[in-house]
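Please open the model in your viewer and keep the selection panel at hand. This tour moves from stop to stop.

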Amino acid sequence: MADLRSNFVGIKSPNPFWLASAPPTDKEYNVRRAYEAGWGGVVWKTLGAEGPPVVNVNGPRYGVIHGADRRVLGLNNIELITDRPLEVNLREIKQVKRDYPDRALVISLMVPCDEDSWKAILSAIEDTGADGVELNFGCPHGMSERGMGSAVGQVPEYIEMVTRWVKQYSRMPCIVKLTPNIADIRKPAEAAKRGGADAVSLINTINSITSVDLDLFAPEPTIDGKGAHGGYCGPAVKPIALNMVAEIARSAETRGLPISGIGGVTTWRDAAEFMALGAGNVQVCTAAMTYGFKVVQEMISGLGQYLDDKDITLNDLIGRAVPNVTDWQYLNLNYVTKAQIDQDLCIKCGRCYAACEDTSHQAIAMLPGRVFEVKDDECVACNLCVDVCPVEDCITMRELPLGDTDPRTGQKVVEFGNWTTHPNNPMAKAAE
Amino acid sequence: MTNSPLTPGLAAARLPADAIAAGFSDHEPPLDPHEAAVAADRCYFCYDAPCVDACPTGIDIPLFIRQIATDTPEAAAATILSSNILGGMCARVCPTETLCEGACVRETAEGKPVEIGRLQRYATDVAMTAPQPFARAAATGKHVAVVGAGPAGLACAHRLAMHGHDVTVYEARPKPGGLNEFGIAAYKATDAFAQREVDWLLPIGGITMECGKALGRDVTLTQLQDDFDAVFLGVGLGGVNDPGLGAANGVLRDAVDFIAELRQTEDLTSLPVGRDVVVIGGGMTAVDAAVQSRLLGAENVTIVYRRGQEAMSASDHEQDHATGAGVRIRTNATPVAIHTGDQGAEIEFAYTEDGPGGLQKLDETFRLRADQVLSAIGQRLHAMPDGLVVEGGKIAVTGPGRSTVAGIWAGGDCTAEGEDLTVSAVAQGRDAAEDMHTYLMGGKNG
């Protein structure tokens, strides 16, 4: 099988699957079990400054979004950073790292935004043997109200400042974890880079209210009749995370900055997608919290099989899709496709018809016998029918070759042409 | 216990009471809320869904399943019951594999349809714990006679009552329900469901139930035409076909009678059944009689059908149910004689062959031991009053149950419309009621 060994900013692990800083990595017991299950690395749940540990709520900490059959699509949490004493965490980290020298162990940190606090914590972790630090500038609940977590991550200047301190007082690789609760993800990434970060990791959780208790009239999770926003994660956030990873990977200012991809990674395929968009490795939390540590075994076998099938290495995969991420204005407006329905696969549910007829372009005909056919002269190739069809590959998009006439427009399919040169664009430049 | 499946002749209590009770318990237990949620999640909410087309009462199945999926089974039940007031019984007795579930696109996709019947039961069971969700419109002053309190008559009466008409239902038997109460297998409608359903739907008001009043015996059609503004006939098929085997010394019995007696027997350990039972026929009545004979403790139960298995009107699901209960199915044989003697009775069959000239009886015969022969070879219409046109053994109707006589409608098994199913009877009763309503509100001679 393909070699899955990973070297992320000098941190080696037997595979690119790390557990993200979160409840699964809160203590020695969990981390040992995770390593035994096959995880390549962990980011230890965020340590805070020395002193009285943080406290957590004693009511529910998680909310959930379910799909069919109560499949967990999204989790929301209001748990804070570790609530265990610093010295206990440090002792356990040292012990675990000594016993598992081949696994990555990165410590997540969050202390008040002043130089002394960062200097102190970096000094405290110095002899744990950990492989690196991850700066938690992401958590959007609780700690952010105290000027930490996403409160820092939302101010690029603070990110740069703290990152600089960390690089000044520690020789460990420094990963800056970014919050998605910001308008342009490139700005904090640029700040981290300016501050000397070795990498960024993203996304942390998204501000969210997952649901409302319609008897209590309070957000869930509800703590004694009240609820606060939490941080959203799990498969539901993956599209948001992929976009943010890609934005950093393709931006001229941050291109080449290593990225640890986080956000709804549930299967090997999710991991491969993050890596194709530029992530050097991935971090996982919700999948483990839903199914247990064993899920990594499917990720390992699946990614290995994929690389073998493609006959590429892990490094070949990283960033391979980045050149194909572009802006809308550069998309080929002369590329014409039409939906086509495979009548042998069609189960005649009519969902494509309902979607197209009620909400799109009235481009599917319902013929006697519940036969559904695409009207090429109406189809704009929106893909909605493909998306709502319950049968995989039953509806596909067929590319019209150059020179064919699009029955909808009556125009021949011609060579590449995008918005920048389109006659309807008042800003159009003459084609080269 | 002194009897066993091996006790010769007819005997009661062939099995211990708990075994009989277990056999006659709910044969398809209800879904619990979790199972219902999982089952409901599988529905694709099809456009113009094929399952709805396949339902004789046209229940909006995707909508009610979505209402279950969103945890509003009461709303789901209202959706079901507004099309089919006997939706609870239909959820239990419909041959769903040939109706809604047979048309389900997931049957096409995976060979495993959404469990529509069981979901319908889930929703209607919830509804049955509360008063019915329907209210009676302001009284119209019109009065309708409904003859027969089976599914067709009940559906018709309920819909008429909803529209504000007064209804008097004449039922020949001592209690209402028709085949739901007297006809179908006991394990399909446990806990007196048929009566509970009637008790639940009648309180809409405006319905007077006159049991023990048979058409032609206690009331005449002419009387009804004189006394009421309209008449609905939902009399079912009161007679049975004769297998032509003579009296047969008490060995031969009609399967419909056998099932009716069984349904009305409180203590099933008191009901005698043969050691060797032979059921003649190929429909659901044959299956119900055969399976229940086994459940009472008959050692050998054989269904014998005169044509090939593919011609049996009992669905594959029903046939599987029978064979799973230990019933043997033999085909292409027709009864020619019952022989009785000191060694017990036997029934003799001639082999048959289906050819271009129809069904041919062959010379070769075989015999089966038979302490009890149950005849389930079809039912027929009792003699109808003069003036009503009967075609092919059924009351002739056009459109929504209009008979050939103005002011008289008919529906259910006594007409040739649809299949002889509870759900078809409900649809016909309901549709006739709507047509009668239009007629009544337009004036009697309109």
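The stops below go from one chain to the other, each with something to select.

**Before you start.** This is a predicted model: local features need pLDDT of at least 70, side-chain atom pairs count only at pLDDT 80 or more, and totals for chains, interfaces and linings use all residues. Residues are numbered from 1 along each chain as its sequence is written, while chains are lettered from A and ligands numbered from 1 in the order in which they are written.

**Stop 1: chain A, domains.** Select residues 6-324, then 329-421. These are domain 1 and domain 2 of chain A, with bounds from an automatic or database domain assignment. Their centres, taken over C-alpha atoms, are 40 Å apart.

**Stop 2: M148(A).** Look in the loop between β8 (132-136) and α4 (150-153) of chain A. Helices (H or I, at least four residues) and strands (E, at least two) are DSSP runs, numbered from the N terminus. Is M148(A) buried or exposed? M148(A) counts as buried because it has 24 C-beta neighbours inside 10 Å. The cut-offs are 20 or more other C-beta atoms within 10 Å for buried, 12 or fewer for exposed, and partly exposed in between, with C-beta atoms placed from the backbone. Beyond four places in sequence, M148(A) is in contact with M110(A), P112(A), C113(A) and M143(A). Contact means C-beta atoms, placed from the backbone, within 7 Å.

**Stop 3: where the chains touch.** Show both chains. On chain B, 10 residues are in contact with 12 residues of chain A. Pick α2 (33-41) and α8 (105-110) of chain B: each supplies at least two residues of that side. α8(B) gives the most, with 3 residues. Colour the chain B side by class: 7 nonpolar, 1 polar and 2 charged residues. Here Ala, Val, Leu, Ile, Met, Phe, Trp, Tyr, Cys and Pro are nonpolar, Asp, Glu, Lys and Arg are charged, and the others, Gly among them, are polar.

**Stop 4: a sheet in chain B.** Five strands form an open, parallel sheet, ordered β4-β3-β2-β5-β19. Strands pair if DSSP finds at least two bridges between them. β4 (207-211) and β19 (408-410) of chain B each have a single partner strand, so one side of each lacks a neighbour in the sheet. From one strand to the next, the twist averages 20°. Angles run from 0 to 180 degrees between N-to-C directions, and axes are lines fitted to C-alpha atoms, for helices over the stretch in contact.

Zoom in on β5 (residues 230-233) of chain B: 3 bridges join it to β19(B). L233(B) stands opposite A410(B). Finally, select helix α17 (residues 422-441) of chain B, which packs on the sheet and touches β2 (143-147), β5 and β19 of chain B. Its direction makes about 170° with that of β5(B).

Note on methods. Two residues are in contact if their C-beta atoms, placed from the backbone, lie within 7 Å.
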